[in-house]
Number of protein chains: 2
Amino acid sequence: MTDVANGVLAVTPRTRLRRLPERGVFDRAAIYRILDEAFICHVAFVVEGQPFAMPTGYARLGDALYFHGSAASRMVRQLSAGLEVCCTVTLLDGLVLARSAFHHSVNYRSVVVLGTAHLVEGREEKLAALRGFTDHVVPGRWAEVRPITDQELKGTSVLRLPIEEASAKVRTGPPKDDDEDLAWPVWAGVVPLVTSPGAPVPDGPMPPGVTAFDGARLGRRYLQSPAATNPAQ
Amino acid sequence: MTDVANGVLAVTPRTRLRRLPERGVFDRAAIYRILDEAFICHVAFVVEGQPFAMPTGYARLGDALYFHGSAASRMVRQLSAGLEVCCTVTLLDGLVLARSAFHHSVNYRSVVVLGTAHLVEGREEKLAALRGFTDHVVPGRWAEVRPITDQELKGTSVLRLPIEEASAKVRTGPPKDDDEDLAWPVWAGVVPLVTSPGAPVPDGPMPPGVTAFDGARLGRRYLQSPAATNPAQ
């Protein structure tokens, strides 16, 4: 496993875009940037013919995606040789308001990772994944909190999904209206969407010496303020 | 179909929560509030044994969820008697930072709707769904933009999913640390997450008389500013 994201993933019949193929991205580095910016995925899996999509936290370590087994708990308990999943990550960047209803859209970046997920059995790999879940959201958090106990470690199931069959889909820029609609008397353009941290709410009084949480620790994805938004062109 | 949300949905073996059942919500009105606040869902479906989860816009009209058929296009083209789906909607409300890694969590509201989706064939119902997609994001938008043409209507596929088997899952409030960890010297609490509109970016010069887009039109879900956040207790 390496942290260097090189190369371009092969397009498979399952990741080839049937619709708007110009939005497809198969470059590993571009895919990893999206995976590293978001922190909630939706995991799809099948139980007795019924698909489920469950939201859960995740982390990318090298060329694998790790997610909480609890998200797929219905399945994990009957899991033997692996679980067919689709992990989807979606970042919403803006509302695209066109002159016609038909051309309304959203600017977004999404990644789909397909494959077989396996329960992580090795202690070191499981610890690395759990540290990844925590530090992916708040860098450095794992080192400062009460360490995980053996019992907690046993009580947590983690799945690993290799990033081998994956693609990203990206839309940026203004609405694409038909020429004959450009004079339609309505505002058209992009309304950027920004997610930012609110004022941290402490859980009661903190022990002496503990300082307030600094929202800047969350990293660049939450640091934007609406005024500072620079929408994609 | 009615817009009055009454009653409590039956808990089925597929919607019963196996884990943390106290987070389960089966009240139709509470489920509809979440569905009406978010505007992107992840639709899970199965193609040749492989699950997919695809992000797409949606609208709730009465006791049905409507979403773009393009999200399930791989499936729609081979669709005859309906498509088994799971539509999942997730709103992230905050990061829950505990004293121990194990008790880290997020505050969220999510809804899962299970069932069989069908292509909408009737013109009026399809128009209502498309209007729902648009007005769900920007109330009143449908009436001010260039109307949809018959050709555009034909080129758009819409699926309807009855809201009969559904549940919500909600976490609010502070971290739930073990008593013996309360003196651990680290900040613990909730960091609210807020999504807000940035400054609208017009698509070139607007025709005379067209005023700037007012972000307040997006409704209460985007009106929060980080400073105004009042996290759930």
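Visitor: How many helices and strands does chain A have?
Guide: This is a predicted model, and what follows is computed from it. Of the 233 residues of chain A, 41% count as buried, and residues 24 or more positions apart account for 72% of the contacts with a separation of 6 or more in that chain. As for its secondary structure, chain A has six helices and 10 strands.

Visitor: Which residues of helix α1 of chain A are buried, and where on the helix do they lie?
Guide: Helix α1 of chain A covers residues 28-37, and its buried residues are Ile31(A), Tyr32(A), Ile34(A) and Leu35(A). Seen down the axis of α1(A), these buried residues fall within an arc of 160°, so they line one face of the helix.

Visitor: What covers the buried residues of α1(A)?
Guide: The buried residues in question are Ile31(A), Tyr32(A), Ile34(A) and Leu35(A). The cover over them includes strands of chain A, namely β1 (24-25), β3 (50-61), β4 (64-68), β5 (83-97), β6 (105-119) and β8 (165-171).

Visitor: Is Phe133(B) buried or exposed?
Guide: The place of Phe133(B) is in helix α3 of chain B, which covers residues 123-137. Leaving aside neighbours within four places in sequence, Phe133(B) is in contact with Gly57(B) and Ala59(B), and its C-alpha atom is separated by 8.7 Å from that of His68(B), 65 residues apart along the chain. A residue counts as buried if 20 or more other C-beta atoms lie within 10 Å of its own, and because Phe133(B) has 22 such neighbours, it counts as buried.

Visitor: What is the phi of Glu48(A), and is the residue buried or exposed?
Guide: Most residues other than glycine have a negative phi. Glu48(A), although not a glycine, has a positive phi of about 50°, and its place is in the loop between β2 (40-47) and β3 of chain A. Since a residue with 12 or fewer C-beta neighbours within 10 Å is exposed, Glu48(A), with 8 inside 10 Å, counts as exposed.

Visitor: Where is Glu48(B), and what is its phi?
Guide: Glu48(B) is exposed, with 8 other C-beta atoms within 10 Å. Its place is in the loop between β2 (40-47) and β3 (50-61) of chain B, and although Glu48(B) is not a glycine, its phi is positive, at about 50°.

Visitor: Which strand gives the largest share of the side of chain B that touches chain A?
Guide: The contact takes 79 residues from chain B and 79 residues from chain A. By class, the side of chain B that touches chain A has 49 nonpolar, 19 polar and 11 charged residues. The largest share of that side, nine residues, comes from residues 189-197 of chain B, which form strand β9.

Visitor: What is the bridge partner of Ser196(A) in β9(B)?
Guide: Strand β9 of chain A, residues 189-197, is joined to β9(B) by five bridges, and the two run antiparallel. Within this pairing, the bridge partner of Ser196(A) is Val194(B).

Visitor: What relation do chain A and chain B have?
Guide: Because 100% of the interface residues of chain B are also interface residues in chain A, the copies meet through the same surface. Chain B can be laid on chain A with an RMSD of 0.0 Å by a turn of 180° and a shift of 0.0 Å along the axis. That is the relation of a two-fold axis.

Technical notes. Residues are numbered from 1 along each chain as its sequence is written. Chains are lettered from A and ligands numbered from 1 in the order in which they are written. This is a predicted model: local features need pLDDT of at least 70, side-chain atom pairs count only at pLDDT 80 or more; totals for chains, interfaces and linings use all residues. Two residues are in contact if their C-beta atoms, placed from the backbone, lie within 7 Å. Helices (H or I, at least four residues) and strands (E, at least two) are DSSP runs, numbered from the N terminus. Ala, Val, Leu, Ile, Met, Phe, Trp, Tyr, Cys and Pro count as nonpolar, Asp, Glu, Lys and Arg as charged, and the others, Gly among them, as polar. Two strands pair if DSSP finds at least two bridges between them. Copies are superposed by least squares on the C-alpha atoms of residues with pLDDT of at least 70 in both. The arc is that of the directions from the helix axis to the C-beta atoms.
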